[in-house]
Amino acid sequence: MAEQRKSNGLDTPLSARSRFWPKFSPDPDLFGSATEKFARFMGTPQFLFYMTIFCAFWLVWNTVAPAAWRFDDAAIGFTALTLMLSLQASYAAPLLLLAQNRQDDRDRVSLTEDRNRAERNLYDTEYLTRELASLRLAMRDVATRDYVRSELRNVLEELLETTDGEDLHLRAKRKNKHSNPATGLIDTVDSNRSQHRKANPK
């Protein structure tokens with residue numbers, strides 16, 4: 001049985017290689033938010049005020065204090081202060097870039113959401129437009145108020161005409177009942193006259 005050789009060559013995957021130093025993988029959100037807060041603080045008037053006080057104290061202390069207590073020499077142009085300011089600037093630039101990258105990511109996500117929201121609003125508007133158009137087409141087949149009024153007016157006129165015709169028909173029937181079959185004339189005999197004839201016969 002052949003022994004398995006351990007190799008760290010190019011043919012070995014990176015995940016299988018043994019690392020001398022442990023891999024540093026901080027939480028990107030936590031680290032990014034902390035550095036972003038610090039980068040934002042660097043752009044505030046408070047930071048400039050504190051930085052001015054610090055530099056003024058550094059210069060005054062290394063100029064007025066006794067030589068034994070000084071930690072930076074004014075004769076060589078405050079080299080330590082220059083190095084500290086250079087170190088601060090070297091760290092400030094990546095912090096600002098990190099904050100800008102995070103802001104760009106947020107802007108990209110916001111733009112994507114705005115674009116999606118605009119597309120949904122466009123789809124909703126088109127849907128409502130189609131629904132309104134279909135409602136307008138359907139309203140042509142729906143009876144309007146004026147149409148209903150005209151139909152009711154026509155029905156009322158027909159009822160009135162029918163009522164008048166029935167009255168005339170009833171009147172004609174009554175005339176036929178009381179008319180003389182020989183002459184077709186209506187017997188309009190007064191009751192008083194008939195009683196007078198009965199009382200005084202010729």
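I began with the nonpolar patch: helix 1 (28-42) and helix 2 each supply at least two of its residues. Helices here are DSSP runs of H or I, at least four residues, numbered from the N terminus.

This is a predicted model, where local features need pLDDT of at least 70, side-chain atom pairs count only at pLDDT 80 or more, and totals for chains, interfaces and linings use all residues. Residues are numbered from 1 along each chain as its sequence is written, and side-chain values use heavy atoms, without hydrogens and water.

Nonpolar patch. I listed Phe-38, Phe-41, Phe-49, Tyr-50 and Ile-53, with about 520 Å² of accessible area together. Helix 2 gives the largest share, three residues. Patch residues have over 30% relative accessible area and no salt bridge; nonpolar side chains are joined within 5 Å, like charges within 9 Å. A salt bridge puts a side-chain nitrogen of Lys or Arg within 4 Å of a carboxyl oxygen of Asp or Glu. Areas are Shrake-Rupley values with a 1.4 Å probe.

Phe-41. I found Phe-41 in helix 1. Phe-41 is partly exposed because its relative accessible area is 34% (buried is under 20%, exposed over 50%, partly exposed in between).

Negative patch. Glu-151, Glu-157, Glu-158 and Glu-161 gather on the surface. I placed Glu-161 in helix 4 (residues 145-178). Glu-161 has 58% relative accessibility, so Glu-161 counts as exposed.

Asp-72. Asp-72 sits in the loop between helix 2 (45-64) and helix 3 (79-139). Asp-72 counts as buried because its relative accessibility is 6%. I checked its C-alpha against that of Trp-58: 8.5 Å, at 14 residues apart along the chain.

Methods: Lys, Arg positive; Asp, Glu negative; His and termini not counted. Charge placed at Lys NZ, Arg CZ, Asp CG, Glu CD. Buried < 20%, exposed > 50% of the residue type's maximum accessible area, 1.4 Å probe, protein only.
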